[in-house]
Amino acid sequence: MSVPERNSGSEGKEEESEDESEILEESPCGRWQKRKEQISQGNVPGVESASLAMDTEEGVEVVWNEVLFNDRKVFKAQEEKIKEMFENLMQVEHPNIVKFHKYWLDMKESRARVIFITEYMSSGSLKQFLKKTKKNHKTMNVKAWKRWCTQILSALSYLHSCEPPIIHGNLTCDTIFIQHNGLIKIGSVFPEASVHGKVRPNRDEQRNLHFFSPEYGLAEDDYAIDIFSFGICALEMAVLEIQANGDAVVSKEAITNAGQSLEDPLMREFTQSCVRHEAKQRPTAHDLLFHRVLFEVHSLKLLAAHCLISNQYLLPENCVEEKTKSFDPNGLMAEIKHGNRPGVQLKYSHVSPLELDKFLEDVKNGIYPLMNFASSRPHPVPRALSLSHEQVETAKSPTPEPQETESRKVIQMHCNLESNEEGTKTHVSLTIAELFCMNLSADSSKDLANELVHYAFISEEDCGKLAGFLEDALTRHKGKALASGITQ
C-alpha cells in the first residue's frame, strides 16, 4: 500500500511545521503572538476561531480565541456587558480551571473583534481519554473516578460561590481536560447565553445534547444546570461511554440504563441525584463533595502538605529537600504504642524524598483538594471597567493589578526619607519585610498606609501599625531637617 508523500520525508514535515508556526498577529502589548495552527479546546460558545499562540514572557504556548461581530452596531449595544463578563473571567483563579489570561478589543470600521488568551491544554480532553480507555478494553478505576469528580466539583463550587456567581453552562467531557499527571481542569468557562445574544450553538450539536438539563435555555441559568451536566460527565467517566444505540441523540432511557449498570449503589445514588428532572432537587457542588461516595477523612499527611503549600512563602527555597537530608535515616519519626501487642515504629527511611516532592507538587497543582472543610469563599469578583482600546494599545504590561486582599503580615519595616533642595517635597522609600521596595507620594502617613492596603501590599490589620511607624519616621525626618536649617 503506497502512502502519498508530503514534499519528501523530513523536509516536508519541517516545511509544514515552519508554516504552522508562522506568526500572523501580535497582541497590542506584544506579549502574545498568534500562529497559523488552528486547535480545538472544547466547543466554546460564540468563539469563531482558536489558534495556537506563544506567550513571549513565560515562553509557553497559549490559545488565541476570537469572537467576531460583523455588525459594529450590535457590538456597541453589548459592549459594556461584554467587558464586564471578561473582567470577571480574568479574576477567576483555581487550580482546576483553565486560566484566562487577558482580553482586548479590536475595532474596525465595519466590524469588531474580542480577542482573549487562555491556557493551552496539550494533553487532550477527558472525552478523548475515555475513548482510548474503552478502545483498550479497560474499565475505569474507582479511585481515579473519585479523584476526578472531586477536582471538577472543587472547580464548580468555586465558580458558583463567586460574587456574582459564575455559571459554566457548557460542561461536557469535551470541555474537561486531563493532564499527564492526573490533574483535571475545566475549560470553556464562558458565562451568559453567548456574546452574540443567542442560545449557545453547541445546544444544536446532537452528540452533546444529553449533557444539557431539561430547563436549559428556557429559564435564567443557575448552578443546577452545571450540576446536571456534571452528573452526565460523572456517569460517562464511570461507564466510559453512554451508548446512543444508533440514535443521533443519547436518550433518557440510555442515561437511565447507564446509571443502573453501576455496581456501586453509592455511585448510582450520586449520579442520579445530579440528573434529577426538577432543578431545585439537585444538590449543590459543595454538598456533593460531602456525599458518602466521595467523602473521606483526610490523612494527616495531606493536611500537613496543604498547610506547607499555603505558607510556602514563609519558608526558604528547597527547605523540604534540605530538611530531609539532615535527618538520620534510622532516626525514629513516630511510634504507635499498643498495650497488648508490639507497637509500630516509623523511621525517616520509610519516607522517600522523591515521593514526598512529587506528592507536594501534586497537592500544589490541585490534584488533591481538601473537601471535608468549609473552605473560605472566593473574594468578590470586582466589577471595575476594563481599559479602553486606546489604553490597551499603550499599556506596557498585560498583567492586571492585584485585586485580592493581602493575607501576609508585616514582620520588618524600614523607611528612608530625602528632601529636595528647596525643601518643598519629601521622597519616601519604604521597605516592608524586605520583600519589596516602592516609592510613594501622599499627603499623610495614614494615606500612605491606606494606599498600600488598597494595592494589596499589606493586610488591613497592619494599616494602623504601619501608619504609626511612618508618622514617627516623618517626625524624625522633619526634626533633622529643621535642625539643619531646611524649612519643610
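Let me start with P164, which is found in the loop between α4 (142-160) and β7 (176-178), where helices are DSSP runs of H or I with at least four residues and strands are runs of E with at least two, both numbered from the N terminus. A cis peptide bond joins E163 and P164, with omega at about 5 degrees. Before I go on, please keep in mind that this is a predicted model, in which local features need pLDDT of at least 70, side-chain atom pairs count only at pLDDT 80 or more, and totals for chains, interfaces and linings use all residues. Residues are numbered from 1 along each chain as its sequence is written, and side-chain values use heavy atoms, with hydrogens and water left out.

L240 has a positive phi of about 75 degrees although it is not a glycine. As background, most residues other than glycine have a negative phi, and most peptide bonds are trans. L240 is also buried, with a relative accessible area of 8%, where buried means under 20%, exposed means over 50% and partly exposed lies in between, using a 1.4 Å probe and protein chains only.

For the chain as a whole, the secondary structure comes to 14 helices and 13 strands, and buried residues make up 42% of the 488 residues. The accessible surface is about 28,200 Å², of which 50% belongs to carbon and sulfur atoms; these areas come from the Shrake-Rupley method with a 1.4 Å probe, and for residues only the protein chains shown count as cover.

Turning to the strands, β5 (residues 100-107) is largely enclosed by the rest of the structure, because seven of its eight residues are buried. β5 and β6 (residues 112-119) pair in the antiparallel sense over seven bridges, pairing being taken to require at least two DSSP bridges between two strands. The two strands form a hairpin with four residues between them, and within the pair K102 stands opposite I117 in β6.

In another strand, β11 (residues 413-419), we find N416, which is partly exposed at a relative accessible area of 36%. Leaving aside residues up to four places away in sequence, N416 touches H427, V428 and S429, where contact means heavy atoms within 4.5 Å. N416 and V428 are 12 residues apart in sequence, and their C-alpha atoms are 6.0 Å apart in space.

Finally, what volume does the second largest pocket have? About 670 Å³ of space lies in it, a pocket being an open set of points on a 1 Å grid over the protein atoms alone, with protein on both sides within 12 Å along at least five of seven lines, and lining residues having an atom within 4 Å of a point. The lining of this pocket has 22 residues, and T324, M333, Y348, V351 and L356 lie nearest its centre. Helices α9 (300-310), α10 (319-326) and α11 (353-365) each supply at least two lining residues, and the largest share, five residues, comes from α11.

Not counting residues up to four places away in sequence, H306 touches V363, Y368, P369 and L370.

Note on methods:
1 Å grid on protein atoms, 1.4 Å probe; cavity = no way out; pocket = protein on both sides within 12 Å on 5 of 7 lines; lining within 4 Å. Points joined across faces, edges and corners; volume = space filled by probe spheres on them.
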